[in-house]
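Subject: Handing over a structure, with notes

Dear colleague,

I am passing on a structure that you have not worked with before, and my notes follow below it. Please keep the sequence and the model open beside this message as you read.

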Amino acid sequence: MKVEEAIYAETEAFRQAWNKGDAKLVTSFFTDNAIRVDGVGATGATQRGRNELEAAYNRLFHETMTGIQMKYLDKGEVRKLSPDIVVWQGNLEIIRPDGTSTKGHVVEIFKKVNDRWLIVEAHPKVSSPPVPANSTE
């Protein structure tokens, strides 16, 4: 399988795991020492390692945005930096249970570990959810 096809397969499997709301399964797509810089608005909260990633995804899936779904707006683009390091970037949409959504972009660095491509570093960026018109914020 070509590198691009393998990365597209991993990103699609990641999306499916995300949509199940399974934090443990989602973090299995990352290396043990992976870094994720959360990009909702401009918060830049950083998680380091699978334990922090799993805790952050659990909060996201079960507290912050219960029932959210994600879809990719395109396959993205794969750029091979070395035989075992690639960068993937693509556009995505996060859909809330009420049907509202926000769009964003993600950049991920993958490393080949044994026969699988795993995320070493992820930088998802989505706009902050819109404030409802009747809000006092």
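How many aromatic pairs does the count come to in this model? Before the answer, please bear in mind that the model is a predicted one. The count comes to eight aromatic pairs, and one of them joins Phe-14 and Trp-18 in a tilted arrangement, with 6.5 Å from centre to centre and 40° between the planes. Both residues belong to helix H1, which covers residues 3–20, and they are four residues apart there, or about one turn of the helix. Phe-14 has a relative accessibility of 6% and therefore counts as buried, while Trp-18, at 7%, counts as buried too.

Trp-18 also pairs with Tyr-57, this time edge-to-face, at 5.9 Å centre to centre and with 85° between the planes. Because Trp-18 lies in H1 and Tyr-57 in helix H3 (residues 49–64), this pair ties together parts of the chain that are 39 residues apart in sequence. Like Trp-18, Tyr-57 is buried. Ring pairs go on to link Phe-14, Trp-18, Phe-29, Phe-30, Tyr-57 and Phe-61 into a cluster. One member of that cluster, Phe-29, has the charged end of Arg-116 sitting over its ring, 4.7 Å from the ring centre.

The chain has three helices and seven strands, and from the N terminus on its elements follow the order α-α-β-β-α-β-β-β-β-β. Of its 137 residues, 37% count as buried. Among contacts with a separation of 6 or more, 50% are made by residues 24 or more positions apart.

In soluble globular proteins, nonpolar side chains tend to be buried together. Here, the largest nonpolar core has 29 residues, and those with the most contacts inside it are Ile-7, Phe-14, Trp-18, Val-26, Phe-30 and Tyr-57. Several elements each supply at least two residues of this core, including H1, H3, helix H2 (23–27) and strand S1 (30–37), as well as strands S6 (101–113) and S7 (116–126). The largest share, six residues, comes from H1. Phe-30, for its part, touches residues that include Phe-14, Arg-50, Leu-53, Tyr-57 and Leu-118, leaving aside those up to four places away in sequence.

H1 itself deserves a separate look. This helix has 18 residues and reaches 26 Å from its first C-alpha to its last, close to the 26 Å expected at 1.5 Å a residue. Just after H1, Gly-21 takes a positive phi of about 70°.

Two further places remain. Gln-47 lies in strand S2, residues 46–48, and counts as buried because its relative accessible area is 6%. Beyond residues up to four places away in sequence, Gln-47 touches Ala-34, Ile-35, Arg-36, Asp-38, Glu-52, Leu-53 and Ala-56.

The other place is the hairpin that strands S4 and S5 form, with two residues between them. S4 (residues 77–82) and S5 (residues 85–95) run antiparallel and are joined by five bridges, and Val-78 stands opposite Trp-88 in S5.

With best wishes

How values were computed. Residues are numbered from 1 along each chain as its sequence is written. This is a predicted model: local features need pLDDT of at least 70, side-chain atom pairs count only at pLDDT 80 or more; totals for chains, interfaces and linings use all residues. Side-chain values use heavy atoms; hydrogens and water are left out. Two strands pair if DSSP finds at least two bridges between them. Rings of Phe, Tyr and Trp (its six-membered ring) pair if their centres lie within 6.5 Å; planes under 30 degrees apart count as stacked, over 60 as edge-to-face and the rest as tilted. Buried means under 20% relative accessible area, exposed over 50%, partly exposed in between (1.4 Å probe, protein chains only). A charge sits over a ring if NZ of Lys or CZ of Arg is within 6 Å of the ring centre and within 35 degrees of the ring normal. The expected span of a helix is 1.5 Å times one less than its number of residues. Contact means heavy atoms within 4.5 Å. A nonpolar core is a set of buried Ala, Val, Leu, Ile, Met, Phe, Trp, Tyr and Cys residues joined through side-chain atoms within 4.5 Å.
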